[in-house]
Every structure is written in structure tokens, then in C-alpha cells.
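The sequence and the model are shown first.

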Amino acid sequence: MFELLGEHPIAGVILACEVGLWVLLGLGLALRYLARLRRLSTAVLLGIPLLDVVLVIATAVDLHRGAVADATHGLAGVYLGFSVAFGPTLVRWADARFAHRFAGGPPPVRAPKSGPGRRRHLWQEWLRVVNAATISSATLGLLVLFIASPEQDQTLMWWIGRVWVVAGLWFVFGPLWESGRGGEKTTDKDRIDIGA
């Protein structure tokens, strides 16, 4: 593993950012609900987006130094897009569960399993994927325009196409698939508003 990280330093940065996300999230929620230090908790949780900034800077520096563009550079841009698009939802998800378990908060609301509520939930998720794909494409596009050499461009552009394929597949196997199953009965459970 250390050999892989030595050959692909951006993979190490991605791994460090992922570990850092969970450490900051856990620490922030522990400070909020166990230590009752809400301001400090907010400051720690605001550190999570800084990890994305570190990842983009590390990727840009590595490319600028002439590294051979590979999957890790493209993945860094995609990671940023999905982190920005899904990060707030992840924090809300973890916050609701942590509050329920350790601070007597209400049980977390689960996504509906069928009916109109389920379809609405799948559309919201897919719009987050589109947002992630847009941010990923913009990040990779900016790296191509301002940082990457012509030899590095093709790899980064390939990842832009790949992220849109993921968005398309997510649509087909998410909202479109569920819309095709439209004849189910709606229950009160399906009507729960799960939020954006």
C-alpha cells in the first residue's frame, strides 16, 4: 500500500481527506452533543470543506510539477464534486443520528420506501448527483485550462465524461426506474417530508 501511495501521492491525499472527513465529523458532533460546546463544534464542522480545498490544491500542484495524469487526479476532481454536493446531507444525516443516540433527539426520519415520497426522494438525490457532476466537471475543466499540460488533458477530460455517465446511470436506475413502478398504493409513511 505504501508503494502505491508513493507512486500516486494524490491517492494518499484523497485517503487523508476521507479519513479527515470522518474524524472532523465525529469530533464536531461529540463536541456538540457530549461536551455541549456548540461554537467549537461548529468551527470543527466548518473545517470539513477545507479538506476539499487541500485536495484541489494538492492535485493542481502535482499536475503543475509535471506528474503523469492518472486516475487519482481525475478522481480528486470527482471526489470534490461529490463531497460538496453530498457533504451537507451527510452532516445532517450523521447529526440526526448522533442527536438521537446521545442527546435524546427525535428518531431520524427514514426515506420512504415506496410511493410519491420515494420518487421525490430519488429525484432530490439525482439532482445532488447532477450538482456533483457539474462541480466535478468545472473543477477538472479548470485544471485542464489553467494547470494541466496537453499530455495531461486527455486523462482529466475522460473523467468529465465518466462522471456524466454515472449521473445518467443514477437517473435510469433511480428516478426513471421508480417512475416506471408508479402503480403502488400511497401510505401515510410515504408522505413524510424528508427534506432536501
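## Overall build

Of the 196 residues of the protein, 37% count as buried, where buried means under 20% relative accessible area, exposed means over 50%, and partly exposed lies in between (1.4 Å probe, protein chains only). The structure is a predicted model, in which local features need pLDDT of at least 70 and side-chain atom pairs count only at pLDDT 80 or more, while totals for chains, interfaces and linings use all residues. Residues are numbered from 1 along each chain as its sequence is written, and side-chain values use heavy atoms, with hydrogens and water left out.

The protein has seven helices and zero strands, so that its elements run α-α-α-α-α-α-α from the N terminus on. Helices (H or I, at least four residues) and strands (E, at least two) are DSSP runs, numbered from the N terminus. Along the principal axes, the C-alpha atoms fill a box of roughly 60 × 50 × 30 Å. The accessible surface comes to about 11,700 Å², and carbon and sulfur atoms hold 68% of this surface; such areas come from the Shrake-Rupley method with a 1.4 Å probe, and for residues only the protein chains shown count as cover. Among contacts (heavy atoms within 4.5 Å) with a separation of 6 or more, 76% are between residues 24 or more positions apart.

## Nonpolar cores

In soluble globular proteins, nonpolar side chains tend to be buried together. A nonpolar core is here a set of buried Ala, Val, Leu, Ile, Met, Phe, Trp, Tyr and Cys residues joined through side-chain atoms within 4.5 Å. The largest such core has 16 residues, and those with the most contacts inside it are Ile14, Leu25, Leu29 and Leu55. H2, helix H4 (48-64) and H5 each supply at least two residues of this core. Its largest share, seven residues, comes from H2.

Ile14 touches Leu55, Thr72, Leu75, Ala76 and Tyr79, when residues up to four places away in sequence are not counted. Apart from the core described above lies another, of 15 residues, among them Val78, Leu143, Ala148 and Ala167.

## The H5–H6 pair

The axes of helix H5 (residues 71-103) and helix H6 (residues 115-146) come within 8 Å and cross at roughly 145°. Axes are lines fitted to C-alpha atoms, for helices over the stretch in contact, and angles run from 0 to 180 degrees between N-to-C directions.

On the H5 side, the residues that meet H6 include Gly74, Gly77, Gly81, Phe82 and Phe86, and on the H6 side the residues in contact include Arg128, Ala132, Ile135 and Leu140. By class, the contact has 10 nonpolar, eight polar and three charged residues. For this count, Ala, Val, Leu, Ile, Met, Phe, Trp, Tyr, Cys and Pro are nonpolar, Asp, Glu, Lys and Arg are charged, and the others, Gly among them, are polar.

## Residues outside the helices

Arg36 lies in the loop between helix H2 (9-33) and helix H3 (38-46). Its phi is near 60°, a positive value in a residue other than glycine. At 58% relative accessibility, Arg36 counts as exposed. Arg65, in the loop between H4 and H5, is also exposed, with a relative accessible area of 71%. Arg65 is 82 residues from Ile147 in sequence and 9.5 Å from it in space, C-alpha to C-alpha.

Pro112 is found in the loop between H5 and H6 and is buried, with a relative accessible area of 5%. The C-alpha atoms of Pro112 and Leu122 are separated by 9.8 Å, at 10 residues apart along the chain. Arg181 is found in the segment after helix H7 (150-179) and is partly exposed, at 41% relative accessible area. Between Arg181 and Arg119 there are 9.8 Å in space, C-alpha to C-alpha, and the two are 62 residues apart in sequence.
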